[in-house]
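Please consult the sequence and structure shown below while reading.

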Amino acid sequence: MTAVYDDLGDEATSDIPVRRIRFTINGAKKIAEIEPRLLLSHLIRRGVGLTGTHMGCDTTNCGACTVLVDGKPVKSCTMLAVQVDGREVTTVEGLASASELHPLQEGFREEHGLQCGFCTPGMMMAAKGLLDRNPNPTEEDVRWALSGNLCRCTGYQNIVKSVLWAAEKQRARTPGAE
Amino acid sequence: MYPSRFRYEAPRSLDEAIGTLRDGGDYAKILAGGQSLVPMMKLRFASPELIVDINNVPGLDYHRADADGTLRVGALTRHADLEWSPLLKASQPTMAAAAPMIADPLVRNRGTLVGSLCHADPQGDWAAVMISLGASVVAQGPRGRRAIPVADFVTGPFENALEHDEIAVEAVVPPAQGTRAGGYLKLERRVGDFATCGVAVALEISAAGEVIRAGIGLTGVGGATINATQAAAALSGKALTPEAIEAAAELTAQAAQPRTDHRGSAEYKRHMVRTFAARILGAAAPGGTGPATTTERAA
């Protein structure tokens, strides 16, 4: 990938450290050549070109940039891209199959879980982390799991409903999950 | 935002990591969870020349109890591991109360207890908890391993006692005499904000109901984590009567050194420290509700 940084004129280009990493994103295997200071969020958006992962605050507060790394939801603005070497990344683009939306995506549609939509990918990925760990969450569990994700539109009410809708749909699909 | 340029090494063993630190010059930083370090680097508050990422070092991701009850937490154990730990729930009420209150759920999936101690932020929750438990940090370097009590490990705001070629590999909580009780209460404006104040109380109680050992640590009400030793000493040898609780809560409030800021007045914070101390001790007393754990959110 190509990343462009400000040239402060204080370093020879040969001194600039570059590393080659291998990682999987939404099931696809990738190799990237990056500077270690590149953030995971930038690798995803600019390097791989998947812009579903949003950059909100860029200061570890808002959770808009949430992705799964080895199945766990993390803030991709607060992880170095070089750290996913050998690891598996899932973004919001990895939720749906070719023919079907993920229950979480359906849930956000059915329960009007978004208004402007900026926080939605992060909300869905944090919710996926919850449902993978706990397929039968209470409302309190959902609120707890999403407490690191900020939404400025909805007041959260319908986001919580959307996740509960998705949980129910998933349970109906996989009997014995409870 | 992105950090200034640095050299990055991801060693596969502790010896290799220590060697890299030893040879790496003055300004090297260990990267474990990175949930404080990476934001500081992005804001250019920190511009290390060398990052030694220990996430690929095997054998640091554990928390376990020895036969004598000593608890060991490895350097790559995430806050979330501790939040969901049956071991902590069964045997470490103060830690179990604090783990779900660290930052937010996403940060808890990356951040580590040992890293939080190393970061030595006066607002950090774990330092108060570990001070209340009389815990230590084990540092490993070219000269071997040494244990440093958390109270001595944190030498100032964002400063710790590690040598430049040492790595904090483990936190160690000594075994309890008697039954453990206690909790952690924290006031914060919203999830992930710095604590307005936090109180950690760790008690060891005899079968007769007397306090064998007490420890009290305070978050966010001073230039460093506060060890309320007088309040803890006042509980020693006593039953948790309403009078003993009130006296200890008052001494805890006196140990706080809060400053008025946008999170509240000094008087308000001191009052909350007194209230939290009394609440945790009351919950631990006979007829109490058990380990106290909730985050209170101010409007």
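## Domains of chain B

Domain bounds are taken from an automatic or database domain assignment. On that basis chain B is divided into domain 1 (7-53), domain 2 (63-173) and domain 3 (179-294). The C-alpha centres of domain 1 of chain B and domain 2 of chain B are 19 Å apart. Their contact takes 13 residues from domain 1 of chain B and 19 residues from domain 2 of chain B, two residues being in contact if their C-beta atoms, placed from the backbone, lie within 7 Å.

## Basis of the model

The model is predicted: local features need pLDDT of at least 70, side-chain atom pairs count only at pLDDT 80 or more, and totals for chains, interfaces and linings use all residues. Residues are numbered from 1 along each chain as its sequence is written, while chains are lettered from A and ligands numbered from 1 in the order in which they are written.

## Chain A

Chain A has five helices and five strands, where helices (H or I, at least four residues) and strands (E, at least two) are DSSP runs, numbered from the N terminus. Along the sequence, their pattern is β-β-α-β-β-β-α-α-α-α. The C-alpha atoms of chain A fill a box of roughly 60 × 30 × 25 Å along the principal axes.

## Interface between the chains

In the interface, 22 residues of chain B contact 28 residues of chain A. On the chain B side, helix 6 of chain B gives the largest share, three residues.
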